[in-house]
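Here's a friendly walk through the structure shown below. Keep it in view as you read.

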Amino acid sequence: MPSYALFDDLVVARTDAATSGWINFTDLQAVFDFAHSQDRPLFFRPGIYDSGTVTILPSNGGGKPLQARAMPGSVVLRFNGMDHFLVIDGQARVRFEGLSFDGQNRALSDYVSGRPAFIVVANGAKDVAFEDCRILYSPGIGVYVTDAEAAFGGPIWKAIPSASGARTAGSTCVPVPWP
């Protein structure tokens, strides 16, 4: 069972079970909510983390920003649920860096505008960025952005042509500048 701990300036998640000062978690929702409410970046140590749907709302973090990151290619967030894997609903200032999102080709039972969506950015979410991220084995649209703003960039994102990609409806999608 993976665990997380709060340090001075960040929250760290790892695949090892809790020891003194660490808290076990069974679903990514708990660790995202904790980092979000503490207004601290979340850093994932290398490994595979399984989870059902994760929803990022202003209410489960007091409107504070959320940043989740890992060394590119070292972390896989693997979906084991039935609906969307990640929903960013109305939250501003959300950033993911270096993470791989694996849909395991699982059928999605929840649809957005009649299409299965693995990651949904919606309802006024602003300043949402995915940098150096990969979407693997998405059974539907990789990222669906509707009535929101999202940016995608980095060499890893661009190097995965098999990712389902992003679809938009009344939204803004722009590449993240890369040095």
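## Two strands side by side

Let's start with strands β14 (residues 126-131) and β17, which pair in the parallel sense over 4 bridges. Pairing here takes at least two DSSP bridges between two strands, and the elements themselves are DSSP runs numbered from the N terminus: helices are H or I with at least four residues, strands E with at least two. Look for alanine 129, which stands opposite alanine 151 in β17.

Strand β17 (residues 149-153) is largely enclosed by the rest of the structure, because 4 of its 5 residues are buried. Buried means under 20% relative accessible area, exposed means over 50%, and partly exposed is in between (1.4 Å probe, protein chains only).

A word on ground rules: this is a predicted model, where local features need pLDDT of at least 70, side-chain atom pairs count only at pLDDT 80 or more, and totals for chains, interfaces and linings use all residues. Residues are numbered from 1 along each chain as its sequence is written, and side-chain values use heavy atoms, with hydrogens and water left out.

## An open sheet

There's an open sheet of 4 strands, paired in parallel and ordered β5-β8-β11-β15. At its edges stand β5 (47-51) and β15 (134-136), each with a single partner strand, so one side of each is left without a neighbour in the sheet. On average, neighbouring strands of this sheet are turned by 20° against each other, direction ignored (axes are lines fitted to C-alpha atoms, for helices over the stretch in contact, and angles run from 0 to 180 degrees between N-to-C directions).

Strand β11 (residues 99-102) runs parallel to β15, and 3 bridges join them. Phenylalanine 101 has isoleucine 135 in β15 as its bridge partner.

## The nonpolar cores

Which residues have the most contacts inside the largest nonpolar core? They are Phe32, Phe44, Phe96, Phe101 and Phe130, in a core of 40 residues. Helix α1 (residues 28-38) gives the largest share of this core, 4 residues. Apart from it lies another core of 6 residues, among them Val87, Ala117, Val120 and Ile141. A nonpolar core is a set of buried Ala, Val, Leu, Ile, Met, Phe, Trp, Tyr and Cys residues joined through side-chain atoms within 4.5 Å.

In α1, the buried residues are Leu28, Gln29, Val31, Phe32, Ala35 and His36. Phenylalanine 32 touches several residues beyond four places away in sequence, including Leu42, Phe44, Val54 and Phe96; contact means heavy atoms within 4.5 Å. After α1 comes aspartate 39, with a positive phi near 55°.

## Rings in pairs

The structure holds 15 aromatic pairs. Phenylalanine 96 and phenylalanine 101 make an edge-to-face one, 5.8 Å centre to centre with 85° between the planes. Phenylalanine 96 also forms a stacked pair with phenylalanine 130, at 5.2 Å and 20°. That pair links distant parts of the chain: phenylalanine 96 is in strand β10 (residues 92-97) and phenylalanine 130 in strand β14, 34 residues apart. Rings of Phe, Tyr and Trp (its six-membered ring) pair if their centres lie within 6.5 Å; planes under 30 degrees apart count as stacked, over 60 as edge-to-face and the rest as tilted.

## A loop residue

Serine 109 is found in the loop between β11 and β12 (111-112). Is serine 109 buried or partly exposed? Its relative accessible area is 43%, so serine 109 counts as partly exposed. Leaving aside neighbours within four places in sequence, serine 109 is in contact with Met82 and Asp83.
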